[in-house]
Amino acid sequence: MNEIICEAIEKKRLIQFSYGDLTRIVEPHLLGRKTSGRDALSAYMVDGYSESDSEPYWRNFTVEEIEFLVVLDETFAGAREGYNPNDSTMEEIYCRL
């Protein structure tokens, strides 16, 4: 799955997936391993339902909890405001915008 996410980041393509039984559509920005040892995606959520907020916003998603990942044809312009390419919570960065 990491390879698919990295390719989406490289091509600036939106991805859609299920996370906690909810569908999310995000602009993927950074993929790496957190200091907790888990792989995580830092992404800007643009569509889909979230119990915590209905507006677009930044989220971290644990990769092992992502299901039914689909790379969409739709692209995004680039990094969103608030993007941190050197996220200090990441022990290792696999790919980033």
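Guide: What follows looks at the disulfide and then at a selection of the salt bridges. The model is a predicted one, and the structure holds one disulfide, which joins C6 to C95 with an S to S distance of 2.0 Å. This pair links distant parts of the chain, since C6 belongs to helix 1 (residues 2-11) and C95 to strand 6 (residues 90-96), 89 residues apart. The torsion about the S-S bond of C6 and C95 is about -90°, so the disulfide is left-handed.

Turning to the ionic pairs, a search of the whole structure finds seven salt bridges. Among them, R13 pairs with D73, their closest N and O atoms being 3.3 Å apart; because R13 lies in strand 1 (residues 13-19) and D73 in strand 5 (residues 66-75), the pair ties together parts that are 60 residues apart in sequence. D73 counts as exposed, at 69% relative accessibility. Another salt bridge holds E27 and R80, with the closest N and O atoms 2.8 Å apart, and it links E27 in strand 2 (residues 22-34) to R80 in the loop between strand 5 and strand 6, 53 residues apart. Within this pair, E27 counts as buried at 6% relative accessibility, whereas R80 counts as partly exposed at 32%.

Notes: Residues numbered from 1 in each chain as written. Predicted model: local features only at pLDDT ≥ 70, side-chain atom pairs only at ≥ 80, totals over all residues. Heavy atoms only, no water. Disulfide = S-S within 2.5 Å. Helix = DSSP H or I, 4+ residues; strand = E, 2+ residues; numbered from the N terminus. Salt bridge = Lys/Arg side-chain N within 4 Å of Asp/Glu carboxyl O. Buried < 20%, exposed > 50% of the residue type's maximum accessible area, 1.4 Å probe, protein only.
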